[in-house]
Amino acid sequence: NLAAFEESYGIYQRSIDTAISLVRGGQTDAAQNLVGGVSSQKAGAEASDALKRLVHAKEELARWRFDDAKSRADASTFHSVVLLCLALLFGALVWMLVAQSVFAPLERLRRAVEQLAAGEFDHHIPYCEYNSEVGALARSVVVLQGEAQKMEAQRWIKSHQASISNELQLARSFTDLANTFLSLVAPLIKVGHGVFYIMEEEQSQLRLLGSYAYRERKSLSQHFKLGQGLVGQCALERSPIIITQPPADYIRIGSSLGEASPRTIAVLPVMRNERLLAVLEIATFEHFGPSEQALLDALMPILAMSLEILERNGKTQKLLLETQHQAENMERQA
């Protein structure tokens, strides 16, 4: 179109230039005839048509570029919206994962702290191996759990120690004292069998005073010399004897539901100021835990003191009876 316009316009321009030259030369009629001639008009019309086609082509090109730019803009907007939605979705997923990795451990730790507050001290504290704030918090809860367990163990020991001590003070005889001690201590430290031997210093022997959970008391040895059996050996050495995992045929702990071998047999001396007062032998289904051992260690001095008090009361009573007999004899002699 541009080439056709330039060609037609060139012909038309040359006609105009020729006409101007004719007018300057005084040939006006010839100039008018040339300008109004068919060739000149045809060249002008062709130039005009070529220019119109050129303008139309430019307009079409501009319109196409506009439509293309608009479609590209719409597509870009759509892609931007889609990417934004995907970014929001990805962000929400990441937030959920982060929340799950943070809030879930915190929730479990919160429940663990609530269990500690409720007195449940044996639950496992999770996430202690994490090298993060959650792991540090979990390890702090473990420290709190340990302190709570210690306090609970001390409370358990002190409360049972006080209650058993009060019960022992009410005993009026050695047999009553032995049976009371065994019946109160056995459920606490999971005793299956227990026997209590008192030391008779004049005969240098131990005499059976009480038993716990034996079907036939008469099957028990009533006396032990010093060094005889575990009981006599404990009395001779005046130190505890602990046997773990004894042979299956050594002793059987029985009930109406069945029998089983004990896991621990403990023979314990009852001492008061380096003086042997009694020997306690117990068989348990389980090994002594720290709390059970601490309770037993705390009760042995109380048991020894109670035995000594009963012994002194017996001697005092005997002395009173002898004094009364002497007074009666003196009165009869007078």
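Leaving aside neighbours within four places in sequence, V195 is in contact with L182, L208, G210, S211, Y214, L220, V279, L280 and E281 in this predicted model. V195 lies in strand β1. With a relative accessible area of 4%, V195 counts as buried, since the cut-off for a buried residue is under 20%. One of the contacts of V195 is L220; the two residues are 25 positions apart along the chain, and their C-alpha atoms are separated by 8.8 Å.

H223 is placed in strand β3, which spans residues 223-225. Unlike a buried residue, for which the limit is under 20%, H223 has a relative accessible area of 40% and is therefore partly exposed. When residues up to four places away in sequence are not counted, H223 touches Q205, L206, R207 and Q228. A separation of 9.5 Å lies between the C-alpha atoms of H223 and I198, which are 25 residues apart along the chain.

For S204, phi is near 55°, a positive value in a residue that is not glycine. S204 belongs to the loop that runs between β1 (191-200) and β2 (205-212). The relative accessible area of S204 is 36%, so this residue is classed as partly exposed. For R238, phi is likewise positive, near 55°, and again the residue is other than glycine. R238 sits in the loop between α6 (229-237) and β4 (241-244). At 42% relative accessibility, R238 is also partly exposed.

Packing between helices was examined for α5 and α7. Helix α5 covers residues 174-189 and helix α7 covers residues 290-333; they pack at an angle of about 170°, and their axes are 11 Å apart. Because angles over 145 degrees count as roughly antiparallel, α5 is roughly antiparallel to α7. On the α5 side, the contact is formed by F174, L177, F181, V185, L188 and I189.

Between E322 and D67 the sequence separation is 255 residues, and the C-alpha to C-alpha distance is 133 Å.

At the level of the whole chain, the model has 7 helices and 8 strands. The radius of gyration is 57 Å, well over the 20 Å that the globule rule gives for 334 residues, so the chain is more spread out than a compact globule. Along the principal axes, the C-alpha atoms fill a box of roughly 200 × 50 × 35 Å. Of the 334 residues, 30% are buried. The chain exposes about 21500 Å², of which carbon and sulfur atoms supply 58%. Among contacts with a separation of 6 or more, 53% are between residues 24 or more positions apart.

How values were computed: Residues numbered from 1 in each chain as written. Predicted model: local features only at pLDDT ≥ 70, side-chain atom pairs only at ≥ 80, totals over all residues. Heavy atoms only, no water. Axes fitted to C-alpha atoms, helices over the stretch in contact; angles between N-to-C directions. Helix = DSSP H or I, 4+ residues; strand = E, 2+ residues; numbered from the N terminus. Parallel < 35°, antiparallel > 145°, perpendicular 65-115°, else oblique. Contact = heavy atoms within 4.5 Å. Rg over C-alpha atoms; globule rule 2.2 N^0.38 Å. Buried < 20%, exposed > 50% of the residue type's maximum accessible area, 1.4 Å probe, protein only. Areas by Shrake-Rupley, 256 points an atom, 1.4 Å probe, with all protein chains shown as cover.
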